[in-house]
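Visitor: I would like to go through this structure term by term. Please set each value against its definition.

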Amino acid sequence: MQCKNLAVAVKLWALLCAIIGISLTSDTVLTCVLSVLGFAYLATQKNRRLLCSFGIFYIFLAALLYLIRFHNLHMVIFSEFYVLMFWNLSPVFIVAWDLITTPPGELSAFLSRIHMPTPIILGLLVMFRFFPTMKAELKSVVRSMRNRRLTALGQVLCHPAASCEYVIVPLLLRCLQIADQLSVSALARGADYPGVRGSYYGKALDWRDGLWFTLWTVGTAAFLLVGGVRL
Amino acid sequence: MEKSNKWTVRDVITTALLTVLLIAIQLVVNMVCMANDFVSMVLSVGFTMLLCAPVYFLMVSRVHKRFVSLAYMTILGLVFLAMGNWYLLPYYIVAGIICEIILWKNGWESKKKMTAAWTAASLLYNGVNLLPIWFFWDTYEAFARASGMEQSYIDSFVSYYTSPGWLVFIIVFTTACGFVGSLIGSGLIKKHFKKAGVL
């Protein structure tokens, strides 16, 4: 099913609310309220893939936190501190990942409409497209290494520095190539042109955007009111 | 020919791309190191600075202009701001300014200045672990207790940052890793990237 993206302005507002919420709260466990709001927000956008992956991760965290707090679980390889840290940061992860996976056309149209300087728009778009691009590049580097029999455990353990070099050098060279290709593409599409850019994908605000703008505002305010604020 | 100091589209894209790569490496190393308290608290920052040095060297050498380090540090600070540590944003901006001062006079052409800048950045990077404990102890302790840690466990967990011996070791280890990483970075630049004609 196709995602029904909310407007970029609402996504940015949701991110700001989540950051304010987790930064100011004095009750870190209660951040589940913001996470639940985040899951509902993903469900409204029919973003099932993100909903499932974050949902499974969050349930796992909840189970760990329950065992730590009520059954004195002490893990040998992962501190309780980090479990709560991930729990606390989950609302930001959910909302930020939803923003990052927004189609670049919608993002640039919005940023251009609010007169954001071109270098910042370009920088943000490159950052947001980084993860899918790098995933593909890393896969191709590992495939090449496997062809040359450089991924065997013995080889990696006996020559860790060389193995690091085999990964990092082609990856960096590819990064530079991508940067060049993106620059040419951006210039060809008028990145240096000072006017306001439009987009085929730019969308107007509708009632759903208004509703989620209000929900995030009220939800964060209520969360801070109930959970308390640390200054 | 005199090169202009004005940033081009290519500079912006290169800086953004390599900055995200640096931050991604830092986050991955930190997450892997979280498996063990000692590695996470004592060694992780050093490992991070060692692995990130070649990327930083490539970024500074490739863009060849001022404010690359400041841009990188500011973006890093913004990531920490998004994670709820607002005080790390001004801290990293100051760290970026210090790197810029070191690199101010064509530092991107000098291996020594780039090494000095990254070594200083490595030393200052310790702030990510030390600032919350030194200046926000109450918040840190409340968080640790809320996570289900007992007081004795919290004390042993943070003892690395409160005992002077461990503190000196962490600072020296991180700075040394940054320095060694810089040497590796400049070696890789000479061995691969200059030969490939991308610099």
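Guide: We start with contacts. Contact means heavy atoms within 4.5 Å. The model is predicted. In chain B, 72% of the contacts with a separation of 6 or more join residues 24 or more positions apart.

Visitor: What is the share of such contacts in chain A?

Guide: In chain A, residues 24 or more positions apart account for 77% of the contacts with a separation of 6 or more.

Visitor: Which secondary structure elements does chain B have?

Guide: Chain B has 9 helices and 0 strands. Its pattern along the sequence is α-α-α-α-α-α-α-α-α.

Visitor: What makes H1(B) and H2(B) roughly antiparallel?

Guide: The angle does. H1 covers residues 9-33 of chain B, and H2 covers residues 37-63. They pack at about 165 degrees, with axes 9 Å apart. Angles over 145 degrees count as roughly antiparallel. H1(B) and H2(B) are therefore roughly antiparallel to each other. The crossing of H1(B) past H2(B) is right-handed.

Visitor: How do the residues of the contact of H1(B) with H2(B) divide?

Guide: They divide into 15 nonpolar, 8 polar and 3 charged residues.

Visitor: How do you know that Ser69(B) counts as buried?

Guide: Compare its accessibility with the cut-off. Ser69(B) has 1% relative accessibility. Buried means under 20%. Ser69(B) therefore counts as buried. The residue lies in helix H3 of chain B, residues 68-82. Leaving out residues up to four places away in sequence, Ser69(B) touches Tyr56(B), Val60(B), Gly96(B), Cys99(B), Glu100(B) and Leu103(B).

Visitor: Now chain A. Which elements does it have?

Guide: Chain A comes to 10 helices and 0 strands. From the N terminus on, the order is α-α-α-α-α-α-α-α-α-α. The C-alpha atoms of chain A fill a box of roughly 55 × 55 × 40 Å along the principal axes. Of its 231 residues, 42% count as buried.

Visitor: Which residues of H5(A) and H6(A) meet?

Guide: From H5(A) come Pro104(A), Leu107(A), Ser108(A), Leu111(A) and Ser112(A). In H6(A) they meet Ile121(A), Leu124(A), Leu125(A) and Phe128(A). By class, this contact has 7 nonpolar, 2 polar and no charged residues.

Visitor: What makes Ala191(A) count as buried?

Guide: Its relative accessibility is 9%. The limit for buried is under 20%. Ala191(A) therefore counts as buried. Ala191(A) lies in the loop between helix H9 (160-188) and helix H10 (207-227) of chain A. The C-alpha atoms of Ala191(A) and Pro119(A) are 8.8 Å apart, and the two residues are 72 residues apart along the chain.

Key:
Residues are numbered from 1 along each chain as its sequence is written. Chains are lettered from A and ligands numbered from 1 in the order in which they are written. This is a predicted model: local features need pLDDT of at least 70, side-chain atom pairs count only at pLDDT 80 or more; totals for chains, interfaces and linings use all residues. Side-chain values use heavy atoms; hydrogens and water are left out. Axes are lines fitted to C-alpha atoms, for helices over the stretch in contact, and angles run from 0 to 180 degrees between N-to-C directions. Helices (H or I, at least four residues) and strands (E, at least two) are DSSP runs, numbered from the N terminus. Angles under 35 degrees count as roughly parallel, over 145 as roughly antiparallel, 65 to 115 as roughly perpendicular and the rest as oblique. A crossing is left-handed if the near helix is turned anticlockwise from the far one by less than a right angle, and right-handed if clockwise. Ala, Val, Leu, Ile, Met, Phe, Trp, Tyr, Cys and Pro count as nonpolar, Asp, Glu, Lys and Arg as charged, and the others, Gly among them, as polar. Buried means under 20% relative accessible area, exposed over 50%, partly exposed in between (1.4 Å probe, protein chains only).
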